[in-house]
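Good morning. I will go through a few residues and a few strands, one after another. Please have the picture open while I talk.

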Amino acid sequence: MTRKKYNNGGLVARKDFKNIAALEGTISGNHKYQRGTLSASLKLRKGALTATKSKDSFGNTRKSYSYAQKVGKNTTIKANASKGYRGISISKKF
């Protein structure tokens, strides 16, 4: 792994693959609650695709997917999808 750091009682580990793809794992918690997250990102020609899966000590799991693309100089379009949510957002810097 290229980077490891402790963050509020958790561990973050990240591995980059030639600035094209990345894997990141996060584990955090205390004596009452623990959570683990695994995230994979891929840079494409005009955007970036990310898939995330997480699970906590209560048995809750979550999968989410997102895509972000820059359009023009100051505009970004993002699409997000998970089990109960689908959305698109457009942001522009002033």
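In which strand does Ser54 lie? Ser54 belongs to strand β5, which covers residues 47–56. Before I go on, please note that this is a predicted model.

Is Ser54 buried or exposed? The relative accessible area of Ser54 is 7%. The cut-off for buried is under 20%, so Ser54 counts as buried. Which residues does Ser54 touch, if we do not count those up to four places away in sequence? They are Arg35, Gly36, Thr37, Asn60, Thr61 and Arg62.

Next, the partner of β5. Strands β5 and β6 run antiparallel, and 9 bridges join them. As one example of who faces whom, Thr50 has Ser66 of β6 opposite.

The pattern continues with β6 and β7. This pair is also antiparallel, and here the number of bridges is 8.

How accessible is Thr76? Its relative accessible area is 19%. Since buried means under 20%, Thr76 is still classed as buried. Leaving aside neighbours within four places in sequence, Thr76 is in contact with Gln69, Lys70, Ser89, Ile90 and Ser91.

Now the aromatic rings. To describe such a pair, one gives the distance of the centres and the angle of the planes. How many aromatic pairs are there? The count is 1. The pair is Tyr33 with Phe58: the ring centres are 5.5 Å apart and the planes are at 45 degrees, so we call the pair tilted. Where are these two residues in the chain? Tyr33 is in the loop between β3 (21–29) and β4 (34–43), while Phe58 is in the loop between β5 and β6 (61–71). The pair therefore ties together parts that are 25 residues apart in sequence.

As for accessibility, Tyr33 has a relative accessible area of 31% and is partly exposed. Phe58 has 61% relative accessibility and counts as exposed.

That is my last item. Thank you.

Notes
Residues are numbered from 1 along each chain as its sequence is written. This is a predicted model: local features need pLDDT of at least 70, side-chain atom pairs count only at pLDDT 80 or more; totals for chains, interfaces and linings use all residues. Side-chain values use heavy atoms; hydrogens and water are left out. Helices (H or I, at least four residues) and strands (E, at least two) are DSSP runs, numbered from the N terminus. Buried means under 20% relative accessible area, exposed over 50%, partly exposed in between (1.4 Å probe, protein chains only). Contact means heavy atoms within 4.5 Å. Rings of Phe, Tyr and Trp (its six-membered ring) pair if their centres lie within 6.5 Å; planes under 30 degrees apart count as stacked, over 60 as edge-to-face and the rest as tilted. Two strands pair if DSSP finds at least two bridges between them.
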